[in-house]
Structure formats: structure tokens, C-alpha cells
Amino acid sequence: MSTHTDERPALLSWLVLYLKGVCMGAADAVPGVSGGTIALVTGIYERLISAVTAITPERIRRVLTGISPKHRNDAVTALREIDVGFLIVLGAGIATAIITVTRVLTVAIDQQPVPTFGFFFGLIAASAVVLYAQVSLDSPRQLVAAAAGFTVAFVASGTVGSALGNSLPVTVVTGAIAVSAMILPGISGSLLLLLLGQYEYMTTALSQFVDTLIDVARGGPVSALVEPGTIVVAFIAGALVGLFTIAHIVRWALEHYRRETLAFLVSLIAGALRAPVVKTSEKLAELGQTWSVELFGIFALAALGGAILVLLVDRYTMVIEP
């Protein structure tokens, strides 16, 4: 009897953690709301940061040597130091939500680009407003950092996407950059993808990969998995590289130059407001349409909805934070 009693709370805690991962993944799938913010709201942010930054080449080496019986205990210890159970369950929730939400967004971007990108605009705009309230711009260095962040994002929103293209090396780099947003409560990985012109490409590739995987499970040709699978694997490989490089660089910058780094990052969000407008214009051009008063109204209404969502999340964050 006691065994079952002990197991139920453990299973319930894992289920709750999985659901928190689902919430994080849903946030990460849309530009604007950060999965890190959701982690903060749900009370797992500190544990997430500790687990992510605990993944080091040395610990990975110790885990891999666990195939030898004499090193097995040390491998288990390394896995516990990484908090692997926490990361697996949380990661499963994140993956579930990302796969589900991106499939919906792929259709929404194609069929309803104006309200979809309008919603993104609202998410981004409200995130910038909320975060600017927490950033001080009272020194020349902070002002320079803010100006640099805004300029980089504004320019990138209009030109970088088309200039970068969609090659595998670009996919690896964008994966590395996007994963760095995991440690930032205010920055969304999807926002960085949108900024780099890779958001629509990656959501489409992921949806195609899942669809093809389902077809293969039903007896379809495995060869069909190669193209979308290569893109997904390249992105994941970049994300793993980012865990050991960019994420640690960002954390170092926050520890040593916190105010300047935050000013740069928040201004990056403000500058990225150009991206949803540019993407909407591109989609309308593809459909043979142009902006009209009606479309402006739809865009603004969707943006209002996105902004309200961010403000609600921020309200709960303020309640939970000490």
C-alpha cells in the first residue's frame, strides 16, 4: 500500500512538470512570449537554468563512458548532476506543444497572414513595453547598447532573412541562436527566428517532418523523411551547439554587464516590430493583395489580442516573483 501511495505523488509531479513544458512550448512556438517567462511564472526557471548550464562536455563524456560497467555509477552520477529526468519530462512537454502549435501556425500564416502576424506584432510590442519598464537607460553605455539592439533588429527584420537563405549551415546557426533564448525570461526563440527570416521556413519544415513521419508509420517510404528530417536534425544540432556556446556567453554577459545586455536585448525586441509588418506585406503580395483600411483594422485588432495576452502573463509573473 505504501508503495502505491508513494508512486502517485511522484507520477503527479512528473505530469505537472510535463504540463509546464507544454505551456513553455506553446509560448516558444509564437514570437513574443518567451518560454523562459512561462518557466518563471510556473516556478521552474531557476531549476531550468541550473540544468541547462550543467550540461558540459565533461559530463557528457562521463555519461558516454557509462557503457562500460566499471564507469556506470559515475555515469549515473553525471546524469543526476544534469538533472536529466527533469529535462526529459520538461522537454517532452515542450516538444509536444511546439509540434502541435507550429502545425496550426503554418496553416494560419498561409491562410490568414494578416491576423496571424498582427497577433505576433501585439505579442512583441507588449513584451517590449513590459521589459522596458524593467530596464534603466541612464548611462551612455546603456543608451548605446539600446540603440545598437534596435538598429540590428530593425535592419535584420527587413534584409537578413532574404540574404541568409535556407541552407543547412544557416539552419544550424539559427538553431544555436534560438536556443539561447531559453535562459532569457523576456526573449522568445521564435522571435529570433522571425527576426532572421527563418520562422516560417522552420515551422513548415517541422510540420512536413511530422506529416512524413506519420506516413512512414503507416507504411510510406522512409526515403521521404530525408529532406525534412535533415533540416530538423540540423536545427537540433545547432541548438546543442548553442547550449555550450551562445547560451553561456549570454549568461556571462548578463552576469558582468547586466544593464547594458538587458538594454540591448529589450531594444532588440522593439526593433523586431518591423518583422511582422514586413512578413504580412510579403504574404499579401504573394496573394496579389495590398494593404487596405479593412486589413489594417484586422491587423490592429489581432495585435490588441496579442498585447492583452502578454500583459496577463506579466501580471501573473509579478504576482509570483518575490
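**A loop residue and a helix pair**

Author: Asp83 sits in the loop that links helix H5 (72-82) to helix H6 (84-111). Helices (H or I, at least four residues) and strands (E, at least two) are DSSP runs, numbered from the N terminus. Asp83 is not a glycine, yet its phi is positive, near 60°.

The model is predicted, so local features need pLDDT of at least 70 and side-chain atom pairs count only at pLDDT 80 or more, while totals for chains, interfaces and linings use all residues. Residues are numbered from 1 along each chain as its sequence is written, and side-chain values use heavy atoms, with hydrogens and water left out.

The part to look at closely is a pair of helices. Helix H9 covers residues 168-179 and helix H12 residues 226-244. H9 has 12 residues and spans 17 Å from its first C-alpha to its last, close to the expected 16 Å; the expected span is 1.5 Å times one less than the number of residues. H12, with 19 residues, reaches 27 Å, close to the 27 Å expected.

The axes of H9 and H12 come within 6 Å and cross at roughly 45°. Axes are lines fitted to C-alpha atoms, for helices over the stretch in contact, and angles run from 0 to 180 degrees between N-to-C directions. H9 and H12 are therefore oblique to each other: under 35 degrees counts as roughly parallel, over 145 as roughly antiparallel, 65 to 115 as roughly perpendicular, and the rest as oblique. Their crossing is right-handed, meaning that the near helix is turned clockwise from the far one by less than a right angle.

On the H9 side, the contact (heavy atoms within 4.5 Å) includes Thr171, Thr174, Gly175 and Ala178. By class, the contact of H9 with H12 has 10 nonpolar, 6 polar and no charged residues. Ala, Val, Leu, Ile, Met, Phe, Trp, Tyr, Cys and Pro count as nonpolar, Asp, Glu, Lys and Arg as charged, and the others, Gly among them, as polar.

Buried (under 20% relative accessible area; exposed is over 50%, partly exposed in between; 1.4 Å probe, protein chains only) residues of H9 include Thr171, Thr174, Gly175 and Ala178. In H12, the buried residues include Ile231, Ala234, Phe235 and Gly238. An α-helix has 3.6 residues a turn, so residues three or four places apart point the same way. Val226 also lies in H12, but Val226 is exposed, with a relative accessible area of 53%.
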